[in-house]
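I opened the notebook to record what I looked up in this structure. The entries follow the order of my reading.

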Amino acid sequence: QVQLVESGGGLVQPGGSLRLSCAASGTIFEINAMGWYRQTPGKQRELVAIIINGGSTNYAESVKGRFTISRDNAKNTVYLQMNSLKPEDTAVYYCNAVIRGSPISRFRDYWGQGTQVTVSS
């Protein structure tokens with residue numbers, strides 16, 4: 001079993017910053033990718049940023065230049081540094097990881113429980 005535990009959400013004023021963290025634990029042989037998604041009521045969950053094995057990254061257009069995703073492989077942890085936050089960034093942010101538990105098992109998607117980010121004055 002694998003667990004993803006997120007932290008770092010909260011309330012921040014427009015223009016402020018927050019840093020989200022997500023630590024993976026459990027039976028982990030290899031992590032292929034880790035990323036962040038977000039969701040607001042009535043809308044589909046959308047990709048915010050993802051980092052692949054090897055370090056390549058991809059961002060949603062709406063966060064490019066403001067958010068930075070990084071990963072600590074030794075700690076199985078992914079971070080999302082969010083700067084210049086806007087009210088439209090308000091959402092529940094979910095951590096995602098693509099993990100396999102052994103050399104012969106398939107990669108599976110795992111999700112965190114979500115953390116609320118609210119950008120408001």
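**Basis.** I worked from a predicted model, in which local features need pLDDT of at least 70 and side-chain atom pairs count only at pLDDT 80 or more, while totals for chains, interfaces and linings use all residues. Residues are numbered from 1 along each chain as its sequence is written, and side-chain values use heavy atoms, with hydrogens and water left out.

**Sheet.** I looked up the strand order and found an open sheet of four strands, β1-β3-β8-β7, with antiparallel pairing. Strands are DSSP runs of E of at least two residues, numbered from the N terminus; two of them pair if DSSP finds at least two bridges between them. β1 (2-7) and β7 (67-72) stand at the edges with a single partner strand each, so one side of each lacks a neighbour in the sheet. I noted an average twist of 15° from one strand to the next (axes are lines fitted to C-alpha atoms, and angles run from 0 to 180 degrees between N-to-C directions). β7 and β8 (residues 77-82) run antiparallel and are joined by six bridges. Within this pair, F67 stands opposite M82 of β8.

**T77.** I then turned to T77, which lies in strand β8. T77 counts as buried because its relative accessibility is 8%; buried means under 20% relative accessible area, exposed over 50%, and partly exposed in between, with a 1.4 Å probe and protein chains only. Its side chain reaches the backbone oxygen of K75 at 2.9 Å. Contacts (heavy atoms within 4.5 Å) of T77 include C22, M34 and S70.

**Disulfide.** I searched for cysteine sulfur atoms within 2.5 Å, the cut-off for a disulfide, and the count came to one. C22 and C95 form this link, with their sulfur atoms 2.0 Å apart. The angle about the S-S bond is -80°, and the link is left-handed. C22 is in strand β3 (residues 18-26) and C95 in strand β9 (residues 91-100), 73 residues apart. C22 is buried at 0% relative accessibility, and C95 is also buried at 0%.

**R38.** Which side chains does R38 join by a polar contact? I found E46 at 2.8 Å and Y93 at 2.9 Å. A polar contact is a pair of N or O atoms within 3.5 Å; within protein, one must be able to donate a hydrogen and the other to accept it, and residues adjacent in sequence count only if both atoms are side-chain atoms. R38 is found in strand β4 (residues 30-39) and counts as buried at 7% relative accessibility. Among the residues that R38 touches I listed F67, E88 and D89.

Technical notes
Lists of a residue's contacts leave out its neighbours within four places in sequence.
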